[in-house]
Amino acid sequence: VDNTEYNLYKIQQELEEILKNLKIKVKIKYLLYNICNENKLETLFKEHKPDIVYHAAAYKHVPLLEHNIVSAVENNIIGTLNLVKISLKYGVKFFTLISSDKAVRPTNIMGASKRLAELIIQSFANKVKNENKGNNSTKFSLVRFGNVLGSSGSVVPLFKKQIQDGGPITLTDKNVNRYFMTISEAVQLVLNTTIFSKGGEVFLLD
């Protein structure tokens with residue numbers, strides 16, 4: 001599921017090439033949806049009844065979101081709330097939010113919106129526990145990432161372009177800490193949350 005046609009098209013092309021090379025037959029649907037549209041989410045979950053939801057639908061470019069606060073709130077916060085409520089309603093077994101290290105003591109709109117998304121997840125995880133639904137209800141958890149090398153939110157392509165152009169490299173601050181991981185590490189961490197989650201955890205990469 002993606003709300004950007006081009007990204008969905010790229011994913012489709014990549015996956016179909018992989019499946020063709022591996023000679024594996026898997027039925028995949030590519031759906032152009034926006035998590036801010038509750039009616040469409042209702043239709044999606046009613047029809048497909050997913051067991052696992054990995055929620056990665058977030059705006060994440062820090063400078064851009066400073067000038068687009070309403071969009072950041074709508075997508076990162078309201079969209080998350082929509083997805084959480086509908087997942088609980090349709091009995092999703094595992095729900096993992098892909099969050100950001102910028103949600104820790106946030107200093108920008110992006111980080112603050114992701115922190116609020118985290119609080120939504122933790123609030124629903126507590127709700128499920130307090131209602132003693134136990135193993136029969138959705139297990140909510142979240143994973144915090146640093147900079148994933150090669151991802152759409154990575155700062156590395158910008159650094160590479162700045163180096164190719166002769167510099168300088170623009171850093172937020174010379175004392176800033178940046179944490180990097182590879183896509184394979186990120187995927188492994190996300191998949192492991194489904195194995196280890198008992199509900200309400202925050203998973204970090206060591």
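Is Lys93 buried, partly exposed or exposed? Lys93 is partly exposed, because its relative accessible area is 47%, where buried means under 20% relative accessible area, exposed over 50%, and partly exposed in between, computed with a 1.4 Å probe and protein chains only. This is a predicted model, in which local features need pLDDT of at least 70 and side-chain atom pairs count only at pLDDT 80 or more, while totals for chains, interfaces and linings use all residues. Residues are numbered from 1 along each chain as its sequence is written, and side-chain values use heavy atoms, with hydrogens and water left out.

The side chain of Lys93 forms a salt bridge with that of Asp51 at 3.1 Å, N to O, a salt bridge being a side-chain nitrogen of Lys or Arg within 4 Å of a carboxyl oxygen of Asp or Glu. This pair links distant parts of the chain, 42 residues apart, since Lys93 lies in the loop between H4 and strand E2 (94-100) and Asp51 in the loop between H2 and strand E1 (52-55); helices (H or I, at least four residues) and strands (E, at least two) are DSSP runs, numbered from the N terminus. Asp51 is likewise partly exposed, with a relative accessible area of 41%.

The structure holds 6 salt bridges. Another of them joins the side chains of Lys89 and Glu42 at 2.9 Å, N to O, and this pair too links distant parts of the chain, with Lys89 in helix H4 (residues 69-89) and Glu42 in helix H2 (residues 38-48), 47 residues apart. Lys89 counts as exposed because its relative accessibility is 56%, whereas Glu42, at 24%, counts as partly exposed. Elsewhere, Arg115, Glu118 and Arg144 are linked in a network of salt bridges. Side chains of opposite charge can pair when their charged atoms come close.

Finally, Ile18 belongs to helix H1 (residues 5-22) and counts as partly exposed because its relative accessibility is 37%.
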